[in-house]
Amino acid sequence: MAVLVSGRDQLPQDLFSEEERTFILRQLELKSNLVTLTKYTHQVYLVFTEAKKKQTDTNEAWRKAGHALQQRLAADKVEHVVLQDATNTDAALFVAEGLVLSNYSFLTYKTEKATPPALKKVTVTGEGYTETQIKETANLLHAVYQTRDLINTPHNQQTATLLTEQIQEMLEGTGVQVEVLDEVQIQSLKMGGLLSVSQASDESPTFSILEWKPENATNEQPVVLVGKGVVYDTGGLSLKPTPNSMDFMKSDMSGAAAVAGTITALAKNKVPLHVIGLIPATDNLISGKGFAPGDVITMHSGHTVEVLNTDAEGRLILADALHFAKKYNPSLVIDIATLTGAAARAIGREGIVMMGTADDLVKTDLKLAGDLAHERLVEFPLWEEYQDHLKSDIADLKNIGGAEAGAISAGKFLEFFTNYPWVHLDIAGTAYLLSPDSYRGKNATGTSVRLLYHFLSSLASA
């Protein structure tokens, strides 16, 4: 049992003897936020955190407390823990979030000593919690697990076609309709961005359309999510350096995985919102038939792009998908992509870069959802002057700007292919971590799934 306490004067009277209370208070005075007591039949873990000035910061403190609890439970090889909330808040849900996300492991390719965490079950008790609320949280966290699995899968096990199959399996039984366009259909649509990026590969590209359309949807126009699905990125002829660059480029489809994970959570929780996911998928390899710096390609929109860097490939496949999204007459389009190192350098792994043409209310609601999930958003401008960074001498635009404002010029490139309310999320800094960070762990984080779920479920009930 783990008892959650928000203040030193909030220790439950009926759970601890006077001697135990004295011991607990002494530990708390020593700044210990996790106290263990051994009973005859079970262990009791007292989880403590102080309230912060902002409620969202308090929620995050509980998630981190959940991470600390998972570390102790793992050491004690605990298989089932009951979270007893003595705070009269929603603390148990946030502790459960940190606990469950910390308990994730990816052991698919381990052949020896592949021992998963012992913890198998988490039970939440306390006043105010409903079965629906707990099930919703469980479904959301499971979707994050599935998203992480997709991202952690190595490229030799995940071509564009295999990614499509893995997403279809993930969505099986959820009620989400899946349509997959093959290379011939992509050619017929003249998606020059996607076709150019894929042409160096022996593997065919795919374009997946995921549609969650419940009968009780509250929106007349759909929300469209677009995810970058580059299953592996060498940079093409603009070859990436190695190590610590190309090595982890199996994660360049994190945006695609986030779209699949978000729609999975929405469908499993039967959120009444019409949502469409678009996933252009390919790898970006090197061969004599690959596209090259200096090439001019024609996009799905009919516009021409001068390619000056083949490592700026994500924006090319996203641009085709963003223009394709127009056919749905969407109320809002959000793209999610590990798009630029510039975004990661600007704000690190602590936040997500956002920019877009949607109105301020939409962007404010997204920021609030980001604060709730602690997947915080930092808005960058899209001033008209940034379009000058993309002027080409021989085509409608070029695919890179200058050394300055790289994340913004990438966003400005995407904006060119939109004519609807649109938001771009650059998750390059948060999608894949090379060192552990509390409950986000190491490697794939599943970033933006919880953010988008909170935003869209709130939109459905607005």
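The following dialogue explains how several descriptions of this predicted model are reached.

Mentor: In this predicted model, local features need pLDDT of at least 70 and side-chain atom pairs count only at pLDDT 80 or more, while totals for chains, interfaces and linings use all residues. Residues are numbered from 1 along each chain as its sequence is written, and side-chain values use heavy atoms, with hydrogens and water left out.

Trainee: Why is Lys77 called exposed?

Mentor: Exposed means a relative accessible area over 50%, buried means under 20%, and partly exposed lies in between (1.4 Å probe, protein chains only). Lys77 has a relative accessible area of 64%, and is therefore called exposed.

Trainee: Where is Lys77 found?

Mentor: Lys77 is in the loop between α2 (55–75) and β4 (80–85); helices (H or I, at least four residues) and strands (E, at least two) are DSSP runs, numbered from the N terminus. The phi of Lys77 is near 55 degrees, a positive value in a residue other than glycine.

Trainee: What makes β2 and β5 edge strands?

Mentor: Two strands pair if DSSP finds at least two bridges between them. Five strands form an open sheet in the order β2-β3-β1-β4-β5, with mixed pairing. Strands β2 (34–38) and β5 (121–125) each pair on one side only, and so they are the edge strands.

Trainee: Why are β1 and β4 said to pair?

Mentor: Three bridges join β1 (residues 2–5) to β4, and the definition asks for at least two, so these strands pair; they run parallel. Within this pairing, Val3 stands opposite Gln84 in β4.

Trainee: Why do β12 and β16 count as a pair?

Mentor: Strand β12 (residues 304–306) and β16 share two bridges in the parallel sense, which meets the requirement of at least two, and therefore they pair. Glu306 stands opposite Lys398 in β16.

Trainee: What makes a space a cavity?

Mentor: On a 1 Å grid over the protein atoms alone, a cavity is a set of points where a 1.4 Å probe fits but cannot get out; lining residues have an atom within 4 Å of a point.

Trainee: Which residues line the largest cavity?

Mentor: Among them are Leu101, Val144, Arg148, Glu375 and Tyr439.

Note on methods. On a 1 Å grid over the protein atoms alone, a cavity is a set of points where a 1.4 Å probe fits but cannot get out, and a pocket is an open set with protein on both sides within 12 Å along at least five of seven lines; lining residues have an atom within 4 Å of a point.
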